[in-house]
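Please look at the sequence and the model first.

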Amino acid sequence: MMGSLKLTEIVSKKLGGGGKVTSPSAAPCPRGHFAAYTRDGRRFFIPIAYLGSDTFRELLNTAEEEFGAPGGRPIVLPCSADRLEQILDAFRSGGGAKKKCAGAAGRISKIW
C-alpha cells in the first residue's frame, strides 16, 4: 500500500522532479486514499485504511466541530502540515495504523 503523498510529490514524480503545482486539483487522489487539507492549506493524500484509527476519527470529529461538515467543500484538518506529517510518519514507521492507534490517540489533543 502506498503511504501518504503530498500533491507536490506526485506531480514531481510525474514531471521528473521539476514540476510546479498551480492548482490543488492538478493531480487526482490516488486509489485507496482520501484528500484532505491542513489548516495552513497543504493538501495530503491519506490512506483510507487510516480512517479505522482513533487518531483520524478524532481528527475528523474535531475538524467537523471547528469547520462544520465538509458537504461540498474539501476536508480541512485542524492541524498544521508539519504536525500532520508527524502523525503520518508515526503510522508509517509503526507498521500500520492498527499498531499506532492507541498511542497516537492519547497525543491527539496536542495537535491544536
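Q: In which helix is the place of I87?
A: This is a predicted model, in which local features need pLDDT of at least 70 and side-chain atom pairs count only at pLDDT 80 or more, while totals for chains, interfaces and linings use all residues. Residues are numbered from 1 along each chain as its sequence is written, and side-chain values use heavy atoms, with hydrogens and water left out. Helices (H or I, at least four residues) and strands (E, at least two) are DSSP runs numbered from the N terminus. On that basis I87 is placed in helix α3.

Q: Is I87 buried or exposed?
A: Relative accessible area, with a 1.4 Å probe and protein chains only, sets the classes: buried is under 20%, exposed is over 50%, and partly exposed is in between. I87 has 5% relative accessibility, so I87 counts as buried.

Q: How many Å apart in space are I87 and F56, C-alpha to C-alpha?
A: I87 is in helix α3. I87 and F56 are 31 residues apart in sequence, and their C-alpha to C-alpha separation in space is 9.5 Å.

Q: At what angle do the axes of helix α2 and helix α3 cross?
A: Axes are lines fitted to C-alpha atoms, for helices over the stretch in contact, and angles run from 0 to 180 degrees between N-to-C directions. Helix α2 covers residues 54-67 and helix α3 covers residues 81-93. Their axes come within 12 Å, and the crossing angle is roughly 155°.

Q: Which word describes the direction of α2 relative to α3?
A: The axes of α2 and α3 cross at roughly 155°. Angles under 35 degrees count as roughly parallel, over 145 as roughly antiparallel, 65 to 115 as roughly perpendicular, and the rest as oblique. The crossing angle therefore makes α2, relative to α3, roughly antiparallel.

Q: How many residues of the contact of α2 with α3 are nonpolar?
A: Ala, Val, Leu, Ile, Met, Phe, Trp, Tyr, Cys and Pro count as nonpolar, Asp, Glu, Lys and Arg as charged, and the others, Gly among them, as polar. In the contact of α2 with α3, one residue is polar and no residue is charged; the nonpolar count is six.

Q: How many salt bridges does a search of the whole structure find?
A: A salt bridge is a side-chain nitrogen of Lys or Arg within 4 Å of a carboxyl oxygen of Asp or Glu. By this criterion, the number found in the whole structure is four.

Q: How many residues apart in sequence are the parts that R39 and E66 tie together?
A: The side chains of R39 and E66 form a salt bridge at 2.6 Å, N to O. R39 lies in the loop between β2 (33-38) and β3 (43-47), and E66 lies in helix α2, so the pair ties together parts whose separation in sequence is 27 residues.

Q: How far apart are the closest N and O atoms of R57 and D54?
A: R57 and D54 both lie in helix α2, three residues apart, which is about one turn of the helix. R57 is partly exposed at 41% relative accessible area, and D54 is partly exposed at 39%. In their salt bridge the closest N and O atoms are apart by 3.6 Å.

Q: How far apart are the closest N and O atoms of R92 and D89?
A: R92 and D89 are three residues apart in helix α3, so about one helical turn separates them. R92 counts as partly exposed at 36% relative accessibility, and D89 counts as partly exposed at 40%. Their salt bridge has a closest N to O distance of 2.3 Å.

Q: What is the relative accessible area of T38?
A: T38 lies in strand β2. Leaving aside neighbours within four places in sequence, T38 is in contact with residues including F44, V76 and L84. T38 is buried, with a relative accessible area of 1%.

Note on methods: Contact means heavy atoms within 4.5 Å.
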